[in-house]
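These are my notebook entries on what I looked up in the structure. I set them down in the order in which I consulted each topic.

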Amino acid sequence: MTNTPNIIKESNHYITRNIAASLGLSIYVIIDTLFISIAAGPLGLTVLNLALPLFSAFNATGLLLGVGGAAYYSLNKLTHPERVEHLFSQLIIFMAGLGILVTILINLFATPLLHLLGANAATLPMGLTYVRIISLAAPFYMANYIVVNFVRNDGNPNLTMIATLTETTGVILVDWLFIFGLGLHMEGAALAVLFSPVCSLTVLSFHRRFKGRQLHWYWTWPRLKSIATAARLGVAAASNELANGVSIYVFNLVLLHLAGNYAVAAYGVISNIAIVTIAIANGVALGAQPLISREVGDHRFTAGKQILNHAFKITISLALLLTLILVLFKGPIIGIFNAEHQAQLVKYATVGLPIYFTSAVFTAINLMAIIFLTAIGSSRFAFVLSFLRGYLILIPMIIGLGAVLGITGVWAAVPITEFLVTMLALLLIRARLKEWGH
């Protein structure tokens, strides 16, 4: 039986490093949003928010094979290493090809894509330049998620933390240089996006010097069975991320209909702050995942439950703290992103921010539940939760509450959705723990 103090200490080791990594990247997102608000004003924020679903699509594709492949790797690397020997290489090679295809398609169909995302005459010219440049980052974003998750699951969370923090520091400096130093404005912000995953991948390449590594590189053709296996376990994590993009897309369309570009700019501030809260919750969940997969894969169910309980305590505490800070300091926080002092932006964001972030605790619980179910191989239940919170409940809530209550109803859609999903998530986890005899 695993010693409790040791498993908690090891959990803290993984979780703190993963929170630091996730938080570091989200800080870049916040600073990039701030730079864009200064350099391009509310229309720049609107363009950024219109493009966010594309980032979600890149990230979701990477998570599909990254989280799923890494979970399968952890479940089998000790007991059946022959099953996962070539898995990492196959997934990277497949993802590189897919990413290049995505880049080509976005550039070919940039104008209709932006119209689909909600761009109008005021935002289309700026949006075309931004989207075409960020599309070049697609292969790197996708591959980075695979490498990060496999390196973490190969026992090297320190390197994933260093990679993300190095990436964050470097890309903030590059972002400032391109936007202000060279005067490139939105084009500079887009070029910095390309630099971001390349920096992370460069640092992660030093994993080859890690003494305890089991990962090795092989030049091999991707096998459909390997890709399908990884995708099956990763579909919930991917659905989670894609749901962020879908919800942003629906939010944008409804807000454009109700109040126009300034409402979308206000939502741009809120959604980018939300990236921080989600990143911290994901940091806890993905930090706990390798240990839960390892303990459950070795049939040490008591230790698996201890890690889960400990992770829940951490993620709920952090979510409560963030909610308190955002509600108490909403005015100064909104003001940071309003360099042009647009009264409409302040009006919409001041009402929306405290309503929206009542969801923080429920979101943290749901993300932990989904990654836990993925970690123990219950991908079907994890996917159900992801589908409910991202699509089946949320989208009708945004549209329905927006029609009945206006913009206030739109802001309330997220907390109501996350609360309903939390109730189901806790029931599913309780059922799995009962199967373990707890």
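Predicted model: local features only at pLDDT ≥ 70, side-chain atom pairs only at ≥ 80, totals over all residues.

**Entry on Ala-364.** I located Ala-364 in helix α13. Its relative accessibility is 3%, so I recorded Ala-364 as buried, the cut-off being under 20%. I also looked up a distance: Ala-364 and Asn-59 lie 305 residues apart along the chain, and their C-alpha atoms are separated by 19 Å.

**Entry on α13 and α14.** I next asked at what angle helix α13 and helix α14 cross. For α13 (residues 360–375) and α14 (residues 379–392), I noted a crossing at roughly 150 degrees, with the axes coming within 7 Å. Since angles over 145 degrees count as roughly antiparallel, I described α13 as roughly antiparallel to α14. On the α13 side, I listed Thr-363, Asn-366, Leu-367, Ala-369, Ile-370, Leu-373 and Thr-374 as making the contact. On the α14 side, I listed Ser-379, Phe-381, Ala-382, Leu-385, Ser-386 and Arg-389. Sorted by class, the contact of α13 with α14 has 7 nonpolar, 5 polar and 1 charged residues.

**Entry on Gln-289.** I then turned to Gln-289, which lies in helix α9. Is Gln-289 buried or exposed? With 1% relative accessibility, Gln-289 counts as buried. Leaving out residues up to four places away in sequence, I recorded that Gln-289 touches Ala-71, Asn-153, Ile-371 and Ala-375.

**Entry on α9 and α12.** I looked up how helix α9 (residues 261–297) packs with helix α12 (residues 343–356), and found an angle of about 40 degrees, with the axes 8 Å apart. That angle makes α9 oblique to α12. I noted a right-handed crossing for α9 and α12. From α9, the contact draws on Tyr-262, Ala-263, Ala-265, Ala-266, Tyr-267, Val-269, Ile-270, Ile-273 and Ala-274. From α12, I wrote down Gln-344, Leu-345, Tyr-348, Ala-349, Gly-352, Leu-353 and Tyr-356. The residues of this contact of α9 with α12 comprise 14 nonpolar, 2 polar and no charged.

**Entry on α3.** Which residues of helix α3 are buried? For α3 (residues 110–117), I found Ala-110, Leu-113, Leu-114 and Leu-117. These residues cover an arc of only 95 degrees around the axis, so I placed them on the same side of α3. After α3 comes Gly-118, and I noted its positive phi, near 110 degrees.

**Entry on His-185.** I looked up phi for His-185 and found a value near 55 degrees, which is positive in a residue other than glycine. I remarked on this because most residues other than glycine have a negative phi. His-185 sits in the loop between α6 (157–181) and α7 (186–204). With a relative accessible area of 39%, His-185 is partly exposed.

**Entry on Asn-12.** Finally, I placed Asn-12 in helix α1 (residues 4–76). Apart from neighbours within four places in sequence, Asn-12 is in contact with His-310 and Ile-314. From Asn-12 to Ala-57, I recorded 45 residues in sequence and 30 Å in space, C-alpha to C-alpha.

Definitions and conventions
Residues numbered from 1 in each chain as written. Heavy atoms only, no water. Axes fitted to C-alpha atoms, helices over the stretch in contact; angles between N-to-C directions. Helix = DSSP H or I, 4+ residues; strand = E, 2+ residues; numbered from the N terminus. Parallel < 35°, antiparallel > 145°, perpendicular 65-115°, else oblique. Left-handed = near helix turned anticlockwise from the far one by under 90°. Contact = heavy atoms within 4.5 Å. Nonpolar A, V, L, I, M, F, W, Y, C, P; charged D, E, K, R; others polar. Buried < 20%, exposed > 50% of the residue type's maximum accessible area, 1.4 Å probe, protein only. Arc of directions from axis to C-beta.
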